[in-house]
Amino acid sequence: MLKMKNISKVFRTEVVETHALREFNLHVQEGDFVSVTGPSGSGKTTFLNIAGLLETYSSGRYLLDGKDVSNLNDTARSKLRNEKIGFIFQSFNLIPDLNLFDNVDVPLRYRGFNKTERKERIEHSLALVGLSNRMKHLPAQLSGGQQQRVAIARALAGEPRFLLADEPTGNLDSKMAFSVMELLQEINSKGTTIVMVTHDPELAQQAKRNIYVRDGKVSELTDNSGSSEYQEVVNG
């Protein structure tokens, strides 16, 4: 499903060369729920951006749903990203002057779905996150947890194979964070593959697997059933 082999990412300026990822190896199976933890600056966000086709990489090989993305141009990357991947961000990224229905509608319009199909997808995804009765509300009329649920609905409306979440509970209190995490687990139980970056070790333990990133490498894999594997080069 998502397979990275010896991925490296180097940022270069005239005087500085920064290695964000170094021979990064990871294999995420279909239906998996993987949490990604590690210290600030370890490469977590760079990994997520590459996984989501938002950034290119310097070397290595990346297969997304069996397709090698190495030589895709921007148009092909954008098409694959829109068809396969849903994103959830810490800051929600909702459009403040659009109601919930229209916020979920925006990426569907970009995909070119007709009006009837968009309406069905929007209503279904908002129902999944428990916000059917708030469709005409503006984001500012919702709690932080509800806004994050809208962001999840927006991602789900496109029926992605992968859901990439960057600190999805980072702006929420513990009660709301638990509620959002329960929702993600429910979504995963229905077959959506989820990769989640989080700083919260308790939330990480609720995923099926946890990877710990340090110095741009996967340094630990834990399956959260008690089995742990420490390694610098992982099953690519």
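I count two strands as paired if DSSP finds at least two bridges between them. Helices (H or I, at least four residues) and strands (E, at least two) are DSSP runs, numbered from the N terminus. The model is predicted, and I kept to its limits: local features need pLDDT of at least 70, side-chain atom pairs count only at pLDDT 80 or more, and totals for chains, interfaces and linings use all residues. Residues are numbered from 1 along each chain as its sequence is written, and side-chain values use heavy atoms, with hydrogens and water left out.

**Entry 1: the sheet**

I looked up the bridge partner of leucine 64 in S5 and found lysine 67. Strand S4 (residues 59–64) and S5 run antiparallel and are joined by two bridges. Leucine 63 stands opposite aspartate 68 in S5. S1 and S4 run antiparallel, with five bridges between them.

I then checked the hairpin of S4 and S5. Two residues lie between the strands, and aspartate 65 takes a positive phi near 55 degrees.

Next I wrote down the strand order, which is S2-S1-S4-S5 in an open sheet of four strands with antiparallel pairing. Strand S2 (17–28) and strand S5 (67–68) are at the edges with a single partner strand each, so one side of each has no neighbour in the sheet. Helix H1 (residues 44–51) packs on this sheet and touches strand S1 (2–12), S2 and S4. I take contact as heavy atoms within 4.5 Å. The direction of H1 makes about 120 degrees with that of S1; axes are lines fitted to C-alpha atoms, for helices over the stretch in contact, and angles run from 0 to 180 degrees between N-to-C directions.

**Entry 2: helix H2**

I asked which residues of helix H2 (residues 74–84) are buried, and the list is Arg77, Ser78, Leu80 and Arg81. Buried means under 20% relative accessible area, exposed over 50%, and partly exposed in between (1.4 Å probe, protein chains only). The buried residues fall within an arc of 165 degrees seen down the axis of H2, so they line one face of the helix. The arc is taken from the directions from the helix axis to the C-beta atoms. Thr75 and Lys79 are exposed on the face turned away from the buried side.

I also noted what the buried residues of H2 pack against: S4, S5, strand S6 (85–89) and helix H3 (100–111). At the start of H2, a side-chain oxygen of asparagine 73 comes to within 3.2 Å of the backbone nitrogen of threonine 75.

**Entry 3: helix H6**

I compared the length of helix H6 (residues 174–189) with expectation. Its 16 residues should span 22 Å at 1.5 Å a residue, and the end C-alpha atoms are 22 Å apart, which agrees. The expected span is 1.5 Å times one less than the number of residues.

Ala177, Val180, Met181, Leu183, Leu184, Ile187 and Asn188 are buried in H6. Their arc around the axis is only 160 degrees, which puts them on the same side of H6. The exposed residues Lys175 and Ser189 are on the face turned away from that side. Glycine 191 follows H6 and has a positive phi, near 115 degrees.

**Entry 4: asparagine 210**

I found asparagine 210 in strand S9 (residues 209–214). Its relative accessibility is 8%, so asparagine 210 counts as buried. The side chains of asparagine 210 and serine 35 make a polar contact of 2.8 Å. By polar contact I mean a pair of N or O atoms within 3.5 Å; within protein, one must be able to donate a hydrogen and the other to accept it, and residues adjacent in sequence count only if both atoms are side-chain atoms.
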